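Here are my notes on the model you sent.

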There are 2 protein chains.
Amino acid sequence: MDVNKIQIYLPIEKLPKKWLNIVPFMKTKPGPMLLPNGKPAPPEVAMAVFPQECVMQEVSGEPEIEIPQFVRERYILANRPTPLRRAYGLEKAIGLEDDKIKIYYKREDVSPTGSHKGNTAIAQAYYAKKQGLKGLVTETGAGQWGAALAYGCNIVGIKCKIFQARISYQQKPGRVVLMEGYGAEVTPSPSNETESGKEYYEKDPNHPGSLGIAISEAVEYNLKDPTIRYSLGSVVNFVLLHQTVVGLEAYEQMKIFGDYPDVVIGCVGGGSNFAGLMLPFIKDKLEGKKPNLDCVAIEPAACPSITRGKFTYDYGDTAGRAPVLKMYTLGHKFVPKPIHAGGLRYHGAAPILSYLTKDGFMRSEEYQQIPVMQSGLLFLKSEGILPAPETAHAIHGAIQAALKAKENGEKKVILFNFSGHGYFDYLAYKLLLEGKLENYTLPQEEIEKYLNDPHMPKIQEVA
Amino acid sequence: MDVNKIQIYLPIEKLPKKWLNIVPFMKTKPGPMLLPNGKPAPPEVAMAVFPQECVMQEVSGEPEIEIPQFVRERYILANRPTPLRRAYGLEKAIGLEDDKIKIYYKREDVSPTGSHKGNTAIAQAYYAKKQGLKGLVTETGAGQWGAALAYGCNIVGIKCKIFQARISYQQKPGRVVLMEGYGAEVTPSPSNETESGKEYYEKDPNHPGSLGIAISEAVEYNLKDPTIRYSLGSVVNFVLLHQTVVGLEAYEQMKIFGDYPDVVIGCVGGGSNFAGLMLPFIKDKLEGKKPNLDCVAIEPAACPSITRGKFTYDYGDTAGRAPVLKMYTLGHKFVPKPIHAGGLRYHGAAPILSYLTKDGFMRSEEYQQIPVMQSGLLFLKSEGILPAPETAHAIHGAIQAALKAKENGEKKVILFNFSGHGYFDYLAYKLLLEGKLENYTLPQEEIEKYLNDPHMPKIQEVA
């Protein structure tokens, strides 16, 4: 163990000045957001939903987009550049004896809100403020995204309204305190504040909720007030764009370590943390420079959108109020079981990731909750840091990749995104330690049922 | 705001190679630990309690003590050197408009267990393992110390047994998960596992406990098993010694910022985080180089050991099983009210800090829980990080120092120790946000009562 190569910081002047827009490099480019009638959503519709600058970035064909100076400064205040670390402890714990197989992780847990989500929250809040908006409304699962947007809005001094999936609101009161501490208004979802929420709330006021329902509520809430906009923490192109700061830093840090990854791994709910780390590397693959690069999205077996979903047009939200996107989906009416990785409970996956998968540039794997959380606990014991349950999926995937390489006697450099810490998610570990956690695999017939739901948008392929 | 001077990291090669032993520099040096009969505890008694190397360090007259290479490596794995940060956000929030008054803080929250406590835990676990011991037993209040010792023991592969004050065990289940995740055995105190615990447990199985009672239980547990030793997270000289790594780093970082503090501030329970930051600076004062340096310990009004305690001989624990120390104390039978800053609920204060206070080199202030937690919340809003309730005391003290300097039109450089994050302490903030937190000031007659208790040790001043 070389003490100078345990954890690499980048000097502040090496913080990226531009985000990477992967779209121009993609073989098949994601189409525009559609209206339910199949027509592309006109700019004025998109601009009624999102901050203007974000809409421009969503459809940009530029390969790089400048990070505003204000955003860069706030990135620094939020502890960017974040360190990249060699997982010596984990390597030893799983029996990797030499330097033949190496595991690295990018530490997005060091941000003030504990995850990568601030990278886009700060940018979106900045653009909203610049446009003269009064506030942003959003949804959140486990609260990583909600906390980050509350943090971002607090920085620029605009209002923040958050609909949080009820199961997470109940399981993770710490993140509610964080959001409220930053001055945000948090409402458990489904709520009776919107029509989309009432549909579920009136049948069951203790409904666990989902990201899909919470998105419907946030979009509906937004459309009632022209002084605010809706903010998304994942899925769409401009969010993935903002997250590339993660991978751009990691790319430089891997150079300092003198390595290039053979495998890049991240957990996927909507896909933003995985994309953020992976896109700067997959660019090399798209350009033919690294044909063997293996990019692996790790999903929960309770919500395997890419692994077992269908590549088709679907609504981004449960109520069908958000635009239609072509993506891997389990059907927008599907409400995932309340697993502890609340941030992965999304029926779809980012169009960028979906197209990259369809074109064969990346792949996905699904795992059950108990082995994933056991890997999280092993990480705590071997690396000292408590991972968020979402992040435990990436860790579990990295361990599987390492063990497989070991079995095959291969050399392998594995890089994964440590997307966030689990200090607010201790309940999941408590249940694991008490033997009370349960596995769940979404049955195939469930998936078919939701994909064949009559509410699915009927859209002809656009040429 | 100069982005290159927001947060200073030290390069890994600048991690201190030696701890600072302040004792040789003190005007009046703390005497040895005493037995209840007033005689110095002979080495064999101390060595039955603590790891041997720690006992040697406790009485060392050397001005510097080498940090073993293994400990330095584990410090690096635990994110040392930690950053020093200029509090631009907080300065603005309290109306400091120019560079006349500056606030800096040392970020001990970045360690894996979230506080400064790992600095001594790693060292003690290393020395215990080196000595061939099977494990360590300790007490913990809020769990910062327990989590750190569990982390340390896990690194070297020895057993860790922890008695935790029941109120914190209940209020902060996250830290219990962390301790158990590292493989430690955690028992709420007072328990029925020891005679010291039974005294309280049998009267009230839901007794909130205190650090003093938990220490008694841990000491008693230790004396039953010769293969283990007792580990202390604060108070004694060798713990303060290990914590000087904090101040030694901060001393170098302040140079990089081009500043030297006028005021050094920290919260005090036993005193280890404050001492860790402050000792390398107060050395300059003891040597006559910085006669005006103001060193301020911040205490809770519910447990103002230095501010309103008596400088006298007292037991380190509630049951009178631990050695007798000369220190500021509220009486060892005093059980502090269950305030949320569990780590500050200790009846005494480190002898080193007590002698420095008695000799006029430092002073203390006491504050109520509500204004302290409001300062913690202001810090969250202005700096983005959620402080532990203990740390909120230091923040509150730093704010008071800044506002006073502003009122007087003085230039002032304020440095405080951000001893730990509050991700596991969200309940305190939840109660604050809900208006359910209560203030409490320990009445003077309570203090007199415990100081006049017949169980206080009767010891003649040693010449």
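1. In this predicted model, the centres of domain 1 of chain A and domain 2 of chain A lie 22 Å apart, taken over C-alpha atoms. Domain 1 of chain A covers 3–13 + 79–114 + 243–451. Domain 2 of chain A covers 19–28 + 47–68 + 116–230. To their contact, domain 1 of chain A gives 48 residues and domain 2 of chain A gives 42 residues.

2. How much area do domain 1 of chain A and domain 2 of chain A bury between them? The figure is about 3700 Å², with 61% of it on carbon and sulfur atoms. On the side of domain 1 of chain A, the residues that lose the most area to domain 2 are Thr113(A), Arg321(A) and Phe424(A). Together they make up 19% of what that side buries.

3. Polar links also cross this interface. Between domain 1 of chain A and domain 2 of chain A there are three salt bridges. Elsewhere in the listing of pairs, Asp425(A) forms a salt bridge with Lys172(A), with the closest N and O atoms 2.9 Å apart. Across the interface of domain 1 of chain A and domain 2 of chain A, 20 residue pairs are in polar contact, both residues at pLDDT 80 or more.

4. Which elements give two or more residues to the side of domain 1 of chain A that touches domain 2 of chain A? They are α11 (237–257), α12 (272–286), α14 (351–358) and α16 (389–407) of chain A. α12(A) gives the most to that side, with seven residues. The residues of that side divide into 22 nonpolar, 15 polar and eleven charged.

5. Now the charged pairs. Side chains of opposite charge can pair when their charged atoms come close. Over all chains, the whole structure holds 50 salt bridges. One of them joins Glu287(A) to Lys289(A), the closest N and O atoms being 3.0 Å apart. Glu287(A) is partly exposed, because its relative accessibility is 36%. Lys289(A) is exposed, at 53%.

6. In chain B, Lys289(B) and Glu287(B) meet in a salt bridge at 3.0 Å, N to O. Lys289(B) has a relative accessible area of 54%, so it counts as exposed. Glu287(B), at 34%, is partly exposed. Back in chain A, salt bridges with shared partners join Arg80(A), Lys106(A), Glu108(A) and Glu249(A) into one network.

7. Is Lys161(B) buried or exposed? Lys161(B) is buried, at 1% relative accessibility. Its side chain forms a salt bridge with that of Glu193(B), 2.8 Å from N to O. Lys161(B) sits in strand β7 (residues 159–165) of chain B, and Glu193(B) in the loop between β8 (185–189) and α9 (195–201), so the pair ties together parts 32 residues apart in sequence. Glu193(B) is partly exposed, at 35%.

8. Lys27(B) belongs to the loop between β2 (18–20) and α1 (43–49) of chain B. Lys27(B) is exposed, because its relative accessibility is 62%. Leaving aside neighbours within four places in sequence, Lys27(B) is in contact with Leu286(B), Asp359(B) and Phe361(B).

9. Ala125(B) lies in helix α5 (residues 118–130) of chain B. With a relative accessible area of 0%, Ala125(B) is buried. Not counting residues up to four places away in sequence, Ala125(B) touches Leu136(B), Gly152(B), Cys153(B), Val156(B) and Ile158(B). Ala125(B) and Glu195(B) are 27 Å apart, C-alpha to C-alpha, and 70 residues apart in sequence.

Technical notes: Residues are numbered from 1 along each chain as its sequence is written. Chains are lettered from A and ligands numbered from 1 in the order in which they are written. Side-chain values use heavy atoms; hydrogens and water are left out. A salt bridge is a side-chain nitrogen of Lys or Arg within 4 Å of a carboxyl oxygen of Asp or Glu. Buried means under 20% relative accessible area, exposed over 50%, partly exposed in between (1.4 Å probe, protein chains only). Helices (H or I, at least four residues) and strands (E, at least two) are DSSP runs, numbered from the N terminus. Contact means heavy atoms within 4.5 Å. Domain bounds come from an automatic or database domain assignment. Buried area is the accessible area (1.4 Å probe) that two parts lose on being put together, summed over both. A polar contact is a pair of N or O atoms within 3.5 Å; within protein, one must be able to donate a hydrogen and the other to accept it, and residues adjacent in sequence count only if both atoms are side-chain atoms. Ala, Val, Leu, Ile, Met, Phe, Trp, Tyr, Cys and Pro count as nonpolar, Asp, Glu, Lys and Arg as charged, and the others, Gly among them, as polar.
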